[in-house]
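Have a look at the model first, then we'll go through the details.

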Amino acid sequence: MKNINPTSTEAWKELEKHFKKIRNEHMRDMFSDDENRAEKFSILWEDFYVDYSKNRITEDTRSLLLQLAEECQLEEAINDYFSGEAINRTENRPVLHTALRAAKDAEIKVRGENVLPEVEEVKTKIKDFSFEVISGARKGYTGKAFTDVVNIGIGGSDLGPVMVTESLKFYKNHLNMHFISNVDGDHVHETIKDLNPETTLFLIVSKTFTTMETLSNATTVREWFLRSVPEKEVSKHFVAVSTNLEKVESFGIDRNNIFPMWDWVGGRFSLWSAVGLSISLAIGYDNFAALLDGARKMDEHFKNTSFKENLPVQLALLSIWYNNFFKAESEAVIPYSQYLNRFPSYLQQAIMESNGKSVDRNGERVDYETGTIIWGEPGTNSQHAFFQLIHQGTKLIPADFIGFKRSLFGDKDHQDKLMANFFAQTEALLNGKNEDEVEEELKSKGFRREEVDRLKAFKVFEGNKPTTTILIEKLTPESMGKLIALYEHKIFVQGIIWNIFSYDQWGVELGKQLASKILAEFGEKEVSDHDSSTGTLLKYYLK
Ligand code: F6P
């Protein structure tokens with residue numbers, strides 16, 4: 001993996017010139033000038049149809065962006081990524097969440113050892129455990145089957161599992177799933193208040209087993225449990241997922257109840273590991289395995305497909321085009337499925353914790369933009385919330401529209417209405433409505449001339465707002481696996497081109513350190529040296 005400043009490439013310089021040329025071109029004209037545009041800028045892959053023709057690009061833009069990827073040696077970087085090179089150089093680790101979904105007989109070496117046998121061993125443990133809990137063979141301390149499962153974790157140890165269990169709720173069994181993440185005591189107490197310790201299973205999920213939120217919540221839950229249950233029964237109700245076996249044991253969890261993971265799996269990419277135990281419990285191991293299969297298919301597509309036809313590469317390049325040339329600050333992700341309501345917040349961690357960096361791989365301050373701000377909510381709800389700003393605001397917000405051809409309950413009436421909106425929005429964002437069209441419409445509605453003149457400026461839609469449509473056959477564990485992996489690899493490509501390290505997260509440390517210091521001050525009821533704002537706030541809080 002070479003450290004190449006993207007702005008020093010030929011492609012970047014050409015893109016700057018090209019940008020000046022096409023920045024004001026309207027996509028409406030691009031479509032009317034080329035009847036094959038949709039076909040030229042779309043990719044059909046398995047059950048995914050991705051149409052990126054409603055973007056402010058021409059064939060030249062695409063060629064230059066592809067050239068940029070080549071000049072930044074993306075292909076070599078992909079090989080390093082998949083083969084277990086320590087591409088997370090600031091932590092000296094490989095980045096191998098892809099090994100968790102690799103084919104059984106693959107060979108992926110970390111520090112000289114093939115990790116696949118260990119991965120398979122843990123998968124078998126997840127499978128057996130899930131089967132026992134779901135079937136009722138594994139029981140709580142009074143001999144009753146489990147009815148509730150509580151996942152205690154935060155960040156990657158929460159967002160992935162909660163997002164997938166929500167997304168695949170349709171495939172869920174009888175177990176009631178709960179997720180406790182926030183150190184806000186009201187979160188844990190609200191969750192456990194109606195739970196029965198006899199029939200509740202707790203999963204404590206923390207890669208490091210040092211995370212303050214998770215350890216506090218786990219301690220609170222354990223105390224609550226021990227209020228009515230003898231200590232010797234803890235092992236029947238508490239299991240842990242972690243790399244830190246010693247810390248888990250000293251917390252009082254039986255070694256047999258530990259599902260190991262590895263330092264080469266980043267927290268925000270860990271749902272494929274035992275961190276996804278709650279997923280396997282909620283939807284059964286076979287569905288969990290199908291999720292992994294989907295991700296593996298996307299991995300293979302990403303590894304083996306030319307960049308022009310490569311979904312993660314194309315999505316990443318488009319995002320770079322808007323971020324670095326149009327200076328768009330944010331990107332919206334709008335799933336037209338209520339099941340995917342946690343997908344944007346999951347992506348916020350995956351994308352923003354990865355690419356929110358301002359120092360390049362040489363340790364130099366970058367002089368170009370990196371990570372984008374990600375936000376979104378499901379459609380159609382979001383249409384009635386923030387779409388106004390996307391349509392008529394001053395900011396350029398490229399948006400991914402994710403939809404499914406078939407609904408899960410098969411209600412055609414609702415599905416047609418949902419998808420009519422899905423297509424209508426991207427069409428409206430593309431074409432907009434110009435002054436003539438507004439005048440025409442107002443006149444046809446019988447508005448008087450003065451009224452038309454007074455209102456028309458407010459009713460104009462500029463259009464030319466970029467969208468990418470990801471249309472998937474059906475929401476299944478496999479297609480969900482593909483979708484998540486699509487964004488994971490998009491993150492990777494962007495990090496390579498921006499010449500940053502995507503797989504560390506030093507930026508979250510300072511706040512943690514200061515919180516410990518302030519917590520100690522709370523204990524002593526004495527506020528030490530702070531800036532005057534923080535100092536005054538602390539005194540006010542302690543009063
Ligand atoms: O605060 C950031 C972070 O380190 C994330 O990267 C991680 O997903 C989360 O905290 C939780 O960490 P752990 O799984 O070690 O408890």
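A crossing counts as left-handed if the near helix is turned anticlockwise from the far one by less than a right angle, and as right-handed if clockwise. Helices (H or I, at least four residues) and strands (E, at least two) are DSSP runs numbered from the N terminus. You're looking at a predicted model, where local features need pLDDT of at least 70, side-chain atom pairs count only at pLDDT 80 or more, and totals for chains, interfaces and linings use all residues. Residues are numbered from 1 along each chain as its sequence is written, and side-chain values use heavy atoms, with hydrogens and water left out.

**The H14–H20 pair**
- H14 (residues 311–326) and H20 (residues 477–497) have axes (lines fitted to C-alpha atoms over the stretch in contact, with angles from 0 to 180 degrees between N-to-C directions) that come within 8 Å and cross at roughly 55°.
- H14 passes H20 in a right-handed crossing.
- Contact (heavy atoms within 4.5 Å) involves residues including Leu311, Pro312 and Ile320 of H14, and Leu486, His489 and Ile497 of H20.

**The whole chain**
- The chain has 22 helices and 13 strands.
- Its C-alpha atoms fill a box of roughly 80 × 60 × 60 Å along the principal axes.

**Domains**
- An automatic or database domain assignment gives domain 1 (6–71 + 305–431 + 466–502), domain 2 (97–288) and domain 3 (509–542).
- The centres of domain 1 and domain 3, taken over C-alpha atoms, are 41 Å apart.
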